[in-house]
Number of protein chains: 2
Amino acid sequence: MEGVDHLADERNKAQFDVSDMKIVWAGSRHAYELSDRISRLVASDPVFKKDNVSTLGRKELFKNTLKKAAHAWKRINELGLNEEEALKLRTFMDQPSFTDLHWGMFVPAIKGQGTDEQQQQWLPLANKMQIIGCYAQTELGHGSNVQGLETTATFDHKTDEFVLNSPTLTSSKWWPGGLGKISTHAVVYARLIIDDKDYGVHGFIAQLRSLNDHLPLPGITIGDIGMKFGSAAYNSMDNGVLRFDHVRIPRNQMLMRVSQVTREGKYVHSSVPRQLVYGTMVYVRQIIVFDASVALSRAVCIATRYSAVRRQFGSQNGSHETQVIDYKTQQARLFPLLASAYAFRFAGEWLKWLYTDVTERLQAKDFSTLPEAHACTAGLKSLTTSVAADGIEECRKLCGGHGYLSSSGLPELFAVYIPACTYEGDNVVLLLQVARYLMKAISQLNSGNKPVGTTAYLGRKEQLMQYRSDVVRAEDWLKPSVVVEAFEARAARMSLACAQNLSKFSNPEDGFQELAADLIEAATAHCQLIVVSKFIEKLQQDIPGNGVKQQLQVLCSIYALFLLHKHIGDFLTTGCITPKQGSLANEQLRSLYSQVRPNAIALVDAFNHTDHYLGSILGRYDGNVYPKLYEEAWKDPLNDTVIPDGFHEYVEPLLKQQLRNARL
Amino acid sequence: MEGVDHLADERNKAQFDVSDMKIVWAGSRHAYELSDRISRLVASDPVFKKDNVSTLGRKELFKNTLKKAAHAWKRINELGLNEEEALKLRTFMDQPSFTDLHWGMFVPAIKGQGTDEQQQQWLPLANKMQIIGCYAQTELGHGSNVQGLETTATFDHKTDEFVLNSPTLTSSKWWPGGLGKISTHAVVYARLIIDDKDYGVHGFIAQLRSLNDHLPLPGITIGDIGMKFGSAAYNSMDNGVLRFDHVRIPRNQMLMRVSQVTREGKYVHSSVPRQLVYGTMVYVRQIIVFDASVALSRAVCIATRYSAVRRQFGSQNGSHETQVIDYKTQQARLFPLLASAYAFRFAGEWLKWLYTDVTERLQAKDFSTLPEAHACTAGLKSLTTSVAADGIEECRKLCGGHGYLSSSGLPELFAVYIPACTYEGDNVVLLLQVARYLMKAISQLNSGNKPVGTTAYLGRKEQLMQYRSDVVRAEDWLKPSVVVEAFEARAARMSLACAQNLSKFSNPEDGFQELAADLIEAATAHCQLIVVSKFIEKLQQDIPGNGVKQQLQVLCSIYALFLLHKHIGDFLTTGCITPKQGSLANEQLRSLYSQVRPNAIALVDAFNHTDHYLGSILGRYDGNVYPKLYEEAWKDPLNDTVIPDGFHEYVEPLLKQQLRNARL
């Protein structure tokens, strides 16, 4: 059965052109071709094989990762890949490694926060991997609250140096990836102290290990923080712990683009606006939203293909059992996640535009849109990563028992993905930031400060408070304007209700704490509105390809109506729709599921994931699941011998000794 | 700081007697003392140490498990433990092992389905572990649909034997725990074939491996199915694959309590009612509900203690930051899970009573309550395991970044718990069974068939359809009758709406498929009603102990009002309550959280989990989290050497080679 496409029938059912959809998913023909080329390159390279990693002990796994990282660097140089291509190669290698932090955090931190001289000094070394760096911010006792960090960098007038110190156990740097075993350098965040005055947290470049023998430098204690979730997942990464015992670094190793310390120990600001930092956050979070769509798409692809292969119940007269993808319960759980993957993709695409826009404005010293852009990316980061994490686990459940096997690819995908809900801003903390922004926008409504961008709808407060949905038939819910208005009215009313309740508190901060759970719900409603709106805006563009736009319209409606059903309480409580209209939306949703069904396999094929990248037997392109599951089982180390290690020592005596006493 | 109780202040705040609550949680003084004694016994035994298991490779982990299982057996015999004590010891060992299936499935299957002679033949061997058995039901291609199993047991008239055969790849037995490497015997489920006639699926005892050399017997292919979710978790178990190539077993190895095959090949039923099988299902699922409360309680205990230790934001003038347990967002996520753990405990206690009741009735050939009891246990199994699985992950998120460390105990708890959502009935399939039962009960309402037990409220259909909540103040939601009526009305109306929509389909089965998602929501509402009702009924009993009942009343209200808020859409859509009443419930909920806050630590202390059983540094009884996290990190194998394996081979060349070309 090798070479047979067991899903060919499913692929023939598709009512649209998959190759065109692949380009829409990728964002452009260039992006498609790049991903396609590099993913196949990685998939065909035996060094990048990853189906055995979950059986490895910690040390072997780490060594395997070092090997792959070195091989990736070798191939990047041999093939003369550019930055974009190199990033793709590391992505498709699909095994967290110290190089992720070197390229993703250390180098960008120097670029973003270093002066021109500092960049000239450090970037050539980093770009050639003559030094390897990590990003040492979080501490054992301090995560989200960066201003609470305890590590100190005290200026020594005499020697023109900073003294890095970890004054307490809780000030130990904790979590930085690449720190534990590999990094030679780090960007370290520490409180700047000059003459006993605390200037708050700043970044410093510190060398951690000798470039000769790789041993930690004097005064530096450093190690790996131990095992994490999953068997492989982030255990391939040396997340580390780091303590400084009065370690000295030259003054010019403070990252001084925004503020400087002079030879005299004077703290001064440069002309570079501080807001640049927010620009970087917009950039990083935009990538996280993009990654959320990718992670979710992998899980959805696996669950969709396997749901077409798996059959259960419903056999009549000896015929085949029913494909589980034909069950409405399966569709009602799976298709909204399929729609979410597409929705997040387009939200990410729009955020990329937003980042460009913000950057241009920053360069022109226009900071007016920055707070809104910041709130918006914070919210979308939170929303998309939470849905992706839960969605991966839901996809695993949709694969039944076999989803629990490592060879399904889903356990590792979950374990490796979930940190996204915590890093770069805990998702709950971020939603509270969004809520704070919304409350501020509302409080300024009367002072004539018009809300901008994604909060512009709040400016139509009176209209939205009057709104009543005019849906009378299920099909009415297919109209984009009907959907957007309902979502706008719901979000606006939830925010306005919070604002009103807050006004009852004499101390606004007490109110904010007390009503935090409601505020989070209002922020969520706002973020969902953004994703729905951006999906609809995408569909107002020209989208070429036979049947492509129609499919996206179906997915867009599913995304919106699924949310409406899930949060029907919000829509009813705020009086935006009636129970009858809610029930019509649900009816429409069921009919949309039927429309997706014949296109489901083609819609996940459009993600263009290689079997290597998916790393899932259940999600194999050819659907040849059972023979490969069977084949894979025998590769487990436990099957190396018929009699397992420990049997003679621990089990046999038990069976044998007892037999002697037995009567039978 | 060793020996200091960092949570002493928290414990002093408690407004109730923890030692009395421990007995309520355990169910009785006997149960408390048993658990307390055995859990400490296991915790103090160095062989049962488990904090290093996540770093082990597959083979070492398996060997470690064999060692512990043998030691458990040794201790059970040395101490002369009875069955109840032995089970507790295996539970507190807390590492899945082949013995779980031997004692939990193989022995009970023979007891439940074997004739008296068969029991006399096999149980003494099994009880002394002279043979070790597993339970071979599911196949590679067949899970929930037991009737779809493909393995055959064909009667051979000539030799008076059954021939076990695996006719297809998909008929390979797949998943049975203990099968892969250890079991000598199995209860195998196969289609009984006599003279080409298929009599459906029956159980057979088959020997798999030689008792001399442990090698698989001729015709038997057997192995481990490979890695599963998590690093340790179920990877300590040899879940197996098994194929039969025409393997012969004597006729008397069919389990013949309910139906027999005679020497002549005649298929006959005994006088033992078939319904007994359902009695067993009620028994097994009752235990699963109990286990759900335990699993959830472990996660909640960890998250609650750590939330009192962890501080973040809110520091003013250099004072301590705020304990995260004081944030309303943390409380709104954590306290409903705490309440759920208690709610499920009492639901499990009631199910235990139900099982006794059903058993007594079965013995008296009264089958009248069996379908209701079956639907009820199926529903509660589904509800509690889903909430526990999601709740464990939510608790992990509540611990922020550190929850991702294996040493938090939460990743492994999640990985080891989630199969409960799939085994013994997939949770979605079970809810559909509940829905089917509800639809049947409704269809019989007019024919005078009064619904019984947990569905009795459907008999008050007219009254519940008229119901409008009369809540006017937030405190009204504290009245048990107010809550129960609202939940009854919601559940009844959702079921009745489904029944009405179903009646529009000419083919009821089509309707059932089409409306499956709605039916699941109705079944969920019904199951939640059961848990709420049983919690309230528990509180109508005499509960001794200073302040104990008051605390449980608060938790009961939190459980109910949290559900009401979460499913507010149901309550509004069905017109049971108004948006204003929903908002009052939410207001009451916030005030209840404040009441739990000072008691939170004592409420999780009442679970009486040892530090060994919790296996979590974040959840340590003494709250001494940071020093122990720091200490634990250094134990990772990666910290055995300063320079990691692979560094010289893969990283050094890269750093050194480049340095030669560098300009700096």
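Reader: How many residues of chain B are in contact with chain A?

Author: In this predicted model, 133 residues of chain B are in contact with 131 residues of chain A, where contact means heavy atoms within 4.5 Å.

Reader: How many salt bridges between chain B and chain A?

Author: The count is 14, taking a salt bridge as a side-chain nitrogen of Lys or Arg within 4 Å of a carboxyl oxygen of Asp or Glu. One of them joins the side chains of B:Glu514 and A:Arg590, at 3.7 Å from N to O.

Reader: Which helix gives the largest share of chain B's side?

Author: Helix α23 of chain B, residues 647-661, with 11 residues. Helices are DSSP runs (H or I, at least four residues) and strands are too (E, at least two), numbered from the N terminus. By class, the chain B side has 65 nonpolar, 39 polar and 29 charged residues. Ala, Val, Leu, Ile, Met, Phe, Trp, Tyr, Cys and Pro count as nonpolar, Asp, Glu, Lys and Arg as charged, and the others, Gly among them, as polar.

Reader: Before I go on, what are the ground rules for numbering and confidence?

Author: Residues are numbered from 1 along each chain as its sequence is written, and chains are lettered from A and ligands numbered from 1 in the order in which they are written. As the model is predicted, local features need pLDDT of at least 70, side-chain atom pairs count only at pLDDT 80 or more, and totals for chains, interfaces and linings use all residues; side-chain values use heavy atoms, with hydrogens and water left out.

Reader: New topic. Where does UniProt place the "binding site" feature?

Author: An unreviewed UniProt entry puts it at A:Thr138 and A:Gly177; positions follow the numbering used here, feature names are shortened, and annotations may be inferred rather than shown by experiment. The two are spread over 40 residues of sequence but cluster in space, with a largest C-alpha distance of 10.9 Å.

Reader: Is A:Gly177 buried or exposed?

Author: A:Gly177 is buried because its relative accessible area is 6%; buried means under 20%, exposed over 50%, and partly exposed in between (1.4 Å probe, protein chains only). A:Gly177 sits in the loop between β4 (173-174) and β5 (185-194) of chain A.

Reader: Why does A:Thr138 count as partly exposed?

Author: Because its relative accessibility is 23%. A:Thr138 lies in the loop between β1 (133-136) and β2 (152-156) of chain A, and its side chain reaches the backbone oxygen of A:Trp174 at 2.8 Å.

Reader: Back to chain B. How many residues of helix α22 are buried?

Author: Seven of the nine residues in α22 (625-633) of chain B are buried. Among them are B:Val625, B:Tyr626 and B:Leu629.

Reader: What do those buried residues pack against?

Author: The buried residues of α22(B) pack against β4, β7 (220-224) and β8 (240-244) of chain A, together with α8 (276-309) of chain B.

Note on methods. A polar contact is a pair of N or O atoms within 3.5 Å; within protein, one must be able to donate a hydrogen and the other to accept it, and residues adjacent in sequence count only if both atoms are side-chain atoms.
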